[in-house]
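Hi everyone, thanks for coming. I'd like to walk you through one part of a model today, so please have a look at the screen.

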Amino acid sequence: MTELAPGEAARKAFRGPASAALSLEIVIVPLALLVMDKVEGGLTPVKIAWVVVLTVGMIVAIARFSRPWGLPLALGLQVLMALGWIVSPSLGALGLVFCLVWAGMLWMRHEVLRRHALWADREA
């Protein structure tokens, strides 16, 4: 087995929680269509298209998360979800919730990388 560069193992470890969050979003975001239909007075082509684009984008993000642009893609989708407030308040609320989830995950990732760097400096 090859030795990973310092911090690389910590970066790779983030793929699991990020993929899990995206998987949860793939299930939850289409369910917002039910809320939009019952609570917001019906579905429009714009609402349906927004949800379909987000869902397909999240599937692509899971498949390509190991690429260098995987994390920016996933974060861009979170911004689109939050901007979903323009189309639907329920989708915007979901966007805010998942933005908070991603903010927490990114903070934890930052802490792991920071502590790993401190540990590596002490070992050197």
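When I say helix, I mean a DSSP run of H or I with at least four residues, numbered from the N terminus. This is a predicted model, where local features need pLDDT of at least 70, side-chain atom pairs count only at pLDDT 80 or more, and totals for chains, interfaces and linings use all residues. Residues are numbered from 1 along each chain as its sequence is written, and side-chain values use heavy atoms, with hydrogens and water left out.

Let's begin where helix 2 has just ended: there, Gly41 has a positive phi of about 85°.

Now helix 2 itself, residues 15–39.

Take helix 4 next, residues 70–83. Its axis and that of helix 2, as lines fitted to C-alpha atoms over the stretch in contact, are 12 Å apart, at an angle of about 30° on a scale from 0 to 180 degrees between N-to-C directions. The two helices are therefore roughly parallel, the word for angles under 35 degrees. In contact terms (heavy atoms within 4.5 Å), Leu22, Glu25 and Val29 of helix 2 meet Ala74, Gln78 and Met81 of helix 4.

Finally, helix 5 holds Ser90, which is buried, at a relative accessible area of 17%. Beyond its neighbours within four places in sequence, Ser90 touches Ala32, Val35, Met36 and Glu40.

How values were computed:
Angles under 35 degrees count as roughly parallel, over 145 as roughly antiparallel, 65 to 115 as roughly perpendicular and the rest as oblique. Buried means under 20% relative accessible area, exposed over 50%, partly exposed in between (1.4 Å probe, protein chains only).
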